[in-house]
Amino acid sequence: MSNNPPWPGVTIEEVPDNDLDAGGLPRHPWVEDYPEPTRNRTRPSYTSKYHLLKKIDDLPKGHAKWEVEIFEAEGDEVDEDGKPKIEVVELWKRNVVDCREYADDEGNTRIYSNMWGADWWWGVQLPPGATIAPLIVASDKMTLSRMSGDKTAWPVYLTLGNIDKNVRRRPSSHATLLLGYLPAMKLECFSEKRRSLEGYRLFHRCMRSLLEPLILAGREGVLMTCADGCQRRVYPILAAYVADHPEQCLVSGCSESSCPKCTVEPKRRAEPSYRPYKDPDRVLAILKQAASGEVKHSELESKGLRAIEPFWDSLPHSNIFTALTPDIFHQLHKGLFKDHLVSWVTKSIENGTDEIDRRYMAMARHPELRHFKKGISLVCQWTGTEYKNMEKVFLGVIAGAADERVTHTVRAVLDFIYYAHFETHTDLSLDALHQAWTDFHKHKAIFVELGIRKDFNFPKAHSTEHYERAIRELGTADGYSTEHPERLHIDYAKLAYGASNKKSTYLKQMTGWLDRQETIHHFSSYLAWYDANELQHNKRSLGSGGAAGVSQETFIGSEDTDEEDEERLQEEHHGAGAGMSRTTAEEDAHPKDDCLDEVAFVKGYRIAKEPAYPDLTISEVVQEFGATDLLQCITEYVAKVSVGSPRRLEAAAAPLHGHSRISVYKQFKVSSDGRVHIDIIHACHSQRAVPPDKQRQSLLSCQVRTPAHE
């Protein structure tokens, strides 16, 4: 028997329900547009890769469809016929209103963390009963080619401020969507003098096309079905734009020598200015006057503006100058600290490079600190991890070697960086952030006195002035770091480019590949949902057949059963030797996801599934790890947890001696509660216990043992 699915090309073969051994399944009602999954109980309906891809294309799509819009750029250069050169570019996009995730209904008090607890959320004026969907857009131009080539991509990402920042920052959560690819062309049809300005104009034309659906949706709202099944009128509004400094200037339409947010003059950025943010209406009025010829081009340049038609001029309830977010990675870690402060301090110390390297190499080793065994001057490629590891010990490294006022300046900068990293702010912590910024400006003159700097008029130092207000407006800065979009380049650009033929049509092939990946993920989510419901149904069926008529799920989360007690006792009896867990490859790849597993921390700790040393005697552990009281501690612990449980007492009656074999773990993770400025991602700590290198090699060799007899 075969059903007729709602889409052509997809067939499911079934067998009678009473013949379960042959692959039969109980009938269930159809859910949404999907057929009843039959997993491995049917033969695949495809015979080749081509047919498989066709089947995937016939499945319901996960998100909005891809579209391509063609733009023509007519340059000022002429061809052989004397006609202006024309360059055709492609904008690959999806409808921004269709690219949505369901909103959370949580709210916070006046503590600054997520966007819904900040001032912007409370200041938006919408009709009564409206639901806000603050959009967070990010863009970052990148290179696709490896080693050689000039293939580039310019992805634009979209996420929602309704989603908790700890969720949307995790790539595995799929809380950030790829909205489109901007054309990253060289525009050789224009002369070199006009090329930069025309690049600005093309960017804004494409972004206008991408975000055009927001104009009507932001004014009138869109009826959407939320996760609780209720329909609400949702107003999608551009609230935040994540980008580095060059793209912030590109978005705001100003020159890179100007501040993209405030009205400070380019030559006055060295000192605290306390200037207000730019007014969008005033900026638009000046640009319209320039377009009509009322304002000369030279006057426009003196105001730090470009002659463009900005994409944000018609977006309702949006202020692009408040939407530009702090960039912790480029402005603080890479910019103010590594590119500037480290260089200044090195020059202020006699034989600075060698002295700082020597001090880094002499640093005591610690599990939570990176040891730069060759110093820092020979590191040729830096990442955010290296910057953060340097910052942890930099103040101690220069202590006693640099001038006292230099040390005060370094401390102020590091205090500002760490305060800016707080994942939850209060008014007191924001006052401390402001004080650190004030201290930096108070002590920075020492570098001018030493002849290292002439002034401090550079954009990354000036950007620190806007952090406190931006956090109050949009929430803490960790939710808007450009590190997240750069991580998404792997999933949405590099892997997709690797699946293409790398020819001129690579963007079209990338969008097709991504479309199929999303379809597979959407279908996999459905299968997981179906399996969970099937399991729940089976539990109810088993529970209803019991003597007491109580469902099995009643006992989930309640007191442990005898079988669970026995299993836990055996685990504690045989694995309590060191109480440590080894970090698996998956944990190394996703260290933050590991800590987010709240279920794993129900008892306050998390331990790996497999031990690092699965078969050691207690004598070996005592000798190699130095755990002299291990045998006594295990005996006392097993006796303690066995009180009141006959099954445990029976299992604990087995005597322990030096030749008893146990499993040894290298580390375990514990959660710490009550720290308001960090969330669960960073609220877990690793406790490690490993033997010295020589003993470790001997222990590893002990894991492969020859049986005494076959």
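Helices (H or I, at least four residues) and strands (E, at least two) are DSSP runs, numbered from the N terminus. By that rule, the chain has 26 helices and 14 strands, and Val88 is found in strand β2. This is a predicted model, in which local features need pLDDT of at least 70 and side-chain atom pairs count only at pLDDT 80 or more, while totals for chains, interfaces and linings use all residues. Residues are numbered from 1 along each chain as its sequence is written, and side-chain values use heavy atoms, with hydrogens and water left out.

**The chain as a whole**

- Of the 710 residues of the chain, 44% count as buried; buried means under 20% relative accessible area, exposed means over 50%, and partly exposed lies in between (1.4 Å probe, protein chains only).
- The chain exposes about 38300 Å², and carbon and sulfur atoms supply 51% of that area. Accessible areas come from the Shrake-Rupley method with a 1.4 Å probe, and for residues only the protein chains shown count as cover.
- Among contacts (heavy atoms within 4.5 Å) between residues at least 6 apart in sequence, 70% join residues at least 24 apart.

**Nonpolar surface patch**

- Val68, Ile70, Ile86 and Val88 form a nonpolar patch on the surface, with about 340 Å² of accessible area together.
- Patches are made of residues with over 30% relative accessible area and no salt bridge; like charges are joined within 9 Å, and nonpolar side chains (Val, Leu, Ile, Met, Phe, Trp, Tyr) within 5 Å.
- Strands β1 (67–78) and β2 (84–93) each supply at least two residues of the nonpolar patch.
- Val88 has a relative accessibility of 45%, so this residue counts as partly exposed.

**Salt bridges**

- The structure holds 22 salt bridges, each defined as a side-chain nitrogen of Lys or Arg within 4 Å of a carboxyl oxygen of Asp or Glu.
- Side chains of opposite charge can pair when their charged atoms come close.
- One of the salt bridges joins Asp150 and Lys186, whose closest N and O atoms are 3.5 Å apart. The pair links distant parts of the chain, 36 residues apart: Asp150 is in the loop between β4 (142–143) and β5 (152–153), and Lys186 is in the loop between β7 (177–181) and α4 (192–211).
- Asp150 is partly exposed at 47% relative accessibility, whereas Lys186 is exposed at 51%.
- Arg405 and Asp403 also meet in a salt bridge, at 3.5 Å from N to O. Arg405 is partly exposed, with a relative accessible area of 36%, and Asp403 is partly exposed at 34%.
- A further salt bridge, at 3.2 Å from N to O, joins Asp491 and Arg487. These two residues are 4 apart in helix α18 (residues 483–498), so about one helical turn separates Asp491 from Arg487.
- Asp491 is partly exposed, with a relative accessible area of 24%, and Arg487 is partly exposed at 29%.
- Elsewhere, salt bridges that share partners join Lys165, Arg169, Glu423 and Asp478 into one network.

**Aromatic rings**

- The whole structure contains 21 aromatic pairs. Rings of Phe, Tyr and Trp (its six-membered ring) pair if their centres lie within 6.5 Å; planes under 30 degrees apart count as stacked, over 60 as edge-to-face and the rest as tilted.
- The ring centres of Tyr274 and Trp437 are 5.8 Å apart and their planes stand at 90°, so this pair is edge-to-face. Tyr274 lies in the loop between α6 (245–252) and α7 (280–292) and Trp437 in helix α14 (residues 427–443), so the pair ties together parts 163 residues apart in sequence.
- Tyr274 is exposed at 57% relative accessibility, but Trp437 is buried at 5%.
- Phe329 and Tyr387 form a tilted pair, 6.2 Å centre to centre with 45° between the planes. Phe329 is in helix α10 and Tyr387 in helix α12, 58 residues apart, and both are buried.
- Ring pairs link Trp344, Phe440, Phe447, Phe456 and Phe458 into a cluster.

**Charges over rings**

- A charge sits over a ring if NZ of Lys or CZ of Arg is within 6 Å of the ring centre and within 35 degrees of the ring normal.
- Arg306 lies over the face of Tyr200, 4.3 Å from the ring centre.
- Arg453 lies over the face of Phe456, 5.9 Å from the ring centre.

**Helix α11**

- The buried residues of helix α11 (residues 352–361) are Gly352, Glu355, Ile356, Asp357 and Tyr360.
- Their cover includes α10 (328–348) and α12 (384–398).
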